[in-house]
Amino acid sequence: MSTGVEQVIPATRAASRRGRRLGRGRTWILATGDLLALVVAYALAYLAAAWLGPLPPVSAPTWFLVLLAVTAVPVWLAVFTGYHLYENDALKISVSSFDEVRDVFHAMLAGSLGYLILSQGVRFLFDWWVYTAVEAALFAGAALVLVPIVRGSVRSWVFPRVMERRRTLIVGSGDEARLVHRKLRTHPEYGLDVVGFLAVDEDDVPGPTLGTSGDIARIVDEHDIDRVLLASSIADHEQMLDLLRTVRRPDVQISIVPRYNEIFTSHATLDDIEGMPVVTLPPLRLGRSSRLLKRSFDVCASGAALALLSPVLGAVALVVRLDSPGPALYRQKRRGRGGSTFEIVKFRTMRVGADTERFDLVHLNEVDGPLFKIKGQDPRVTRVGAFLRRTSLDELPQLWNVLRGDMSLVGPRPFVVHEADQITGWASKRLDMTPGITGLWQVLGRNDIPFDEMTKLDYLYVTNWSLWWDLKILCQTIPVVLGKRGAY
């Protein structure tokens, strides 16, 4: 006669094998992408070195080069593993390749330095040219660009199509659980499939309730759960600790949504007091030097973009004029930094006089708060205007606003005056920063994000600004725009 324990053991082993298979699959796909990026970087480096001359980039015999290439594969994989570049996809829900640039740089520096030392030894012993300092610099520079791009492409397009989605159990109920569920459903690229909820009240969750806190071990085994996401407490402190200790094992990842999550960002640091973890929030600061740095970056980038994109701007303006009567540009009063007012410039996407028709179309509004957006076919939008909105080309003239100082490349969303005036209290801190063409709201969902959550994202950005974060948001904006997500 079999016992309950005997029944659980096979399921646990099966789940463990499945968890390891999921992790190994992601690791090997990433490793393959890394090696391809390194091969291309090597080829570009040697081509550039041959063009620069005068010394030949390679003079070693073929057999030695083949031996070096074969041994380079495990060496580079070991270096990348040593810098923990294959752990993030198993541990984290959302992995940004941009955040790995620092580790990739250190890995490239260590690996290139090792091969440079080896090549100098080969040069001294055999008088063969294999790898010079110039080639090392060219290779590292090319790889530092190619590796994150390939990793980002793999995570965005390969993983969602070839990797099995990770089965997820949400522990909790109420607003927090519903918010987590909505975010996971909105972002399929995370690769998480919510199987159900562990909650007290079945009517307080947006999905099936699989059981209570005492059933978690059985639920994890029966449903092959890969990740448990604790969204809110469903028991007292000691019971929750017992629950987490029960489910914590090698094949199950545990994620906790902390309380006060609206003020947490990736800039928060994890400290400890005698082994007790303490989260420290960054101080509220954006001094004169930081503002100068941000403004200098805006001027240089927007000026260069306007010069490079001037033919595109001219062509779009001409098409807008030919498509419908009226000017090519549309100007509207927006609320700027410190409560000031400025005129935002965009390509006109609606027929002239569309603003006056807004009150007749209130019943078609599909967003919450003071915003007004129609996700379907807005009758005021022109044929060319619909295309410009889907591709975000209508936003390009805002580069002139950035150059003038009315806006920044990255910042809080510039609301229409009457919309901005409805934001009060702590959320009004968003006006401490110059509004931007893109921002957290843009890369996390644009118009699909509720108004209340949009103001919280603006608050997070303003209170945790860094130039590195600006660069990251700019890079994340590109795939969002190309994917036309939340654009209408």
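Q: Which residues is Leu440 in contact with, leaving aside its neighbours within four places in sequence?
A: This is a predicted model. In it, Leu440 is in contact with Leu457, Leu460, Tyr461, Trp469 and Ile473.

Q: Which core has Leu440 among the residues with the most contacts inside it?
A: Start with the general idea. Nonpolar side chains tend to be buried together in soluble globular proteins. Here, the largest nonpolar core has 36 residues. Leu440, Tyr461 and Ile473 have the most contacts inside this core.

Q: Which helices and strands each supply at least two residues of this core?
A: The helices are H9 (288-323), H10 (383-391), H11 (398-404), H13 (440-443), H14 (451-463) and H15 (467-482). The strands are S9 (341-347) and S10 (408-410). H14 gives the largest share, six residues.

Q: How many residues does the second, separate core have?
A: That core has 34 residues. Among them are Leu30, Ala37, Leu77 and Val130.

Q: Which residues of H10 are buried?
A: Buried means under 20% relative accessible area. In H10, Val384, Gly385, Leu388, Arg389 and Thr391 are buried. Their cover includes H9, S9 and H15.

Q: Why does Phe297 count as partly exposed?
A: Because its relative accessible area is 25%.

Q: How many disulfides does the structure hold?
A: The general idea first. A disulfide covalently bonds the sulfur atoms of two cysteines. This structure holds zero disulfides.

Q: Is Cys300 buried or exposed, and how does Cys475 count?
A: Cys300 is exposed, at 57% relative accessible area. Cys475 counts as partly exposed, at 38% relative accessibility.

Q: How many cavities of 30 Å³ or more does the structure hold?
A: Rolling a probe the size of a water molecule over the atoms shows where empty space is left. Here, the structure holds one cavity of 30 Å³ or more. The largest cavity has a volume of about 40 Å³.

Q: Which residues line the largest cavity?
A: The lining consists of Arg335, Gly336, Arg337, Pro412, Arg413, Arg430, Leu431, Met433 and Pro435. Four lining residues are nonpolar, one is polar and four are charged.

Note on methods: Residues are numbered from 1 along each chain as its sequence is written. This is a predicted model: local features need pLDDT of at least 70, side-chain atom pairs count only at pLDDT 80 or more; totals for chains, interfaces and linings use all residues. Side-chain values use heavy atoms; hydrogens and water are left out. A disulfide is a pair of cysteine sulfur atoms within 2.5 Å. Buried means under 20% relative accessible area, exposed over 50%, partly exposed in between (1.4 Å probe, protein chains only). A nonpolar core is a set of buried Ala, Val, Leu, Ile, Met, Phe, Trp, Tyr and Cys residues joined through side-chain atoms within 4.5 Å. Helices (H or I, at least four residues) and strands (E, at least two) are DSSP runs, numbered from the N terminus. Contact means heavy atoms within 4.5 Å. On a 1 Å grid over the protein atoms alone, a cavity is a set of points where a 1.4 Å probe fits but cannot get out, and a pocket is an open set with protein on both sides within 12 Å along at least five of seven lines; lining residues have an atom within 4 Å of a point. Grid points are joined across faces, edges and corners, and a volume is the space filled by probe spheres set on the points. Ala, Val, Leu, Ile, Met, Phe, Trp, Tyr, Cys and Pro count as nonpolar, Asp, Glu, Lys and Arg as charged, and the others, Gly among them, as polar.
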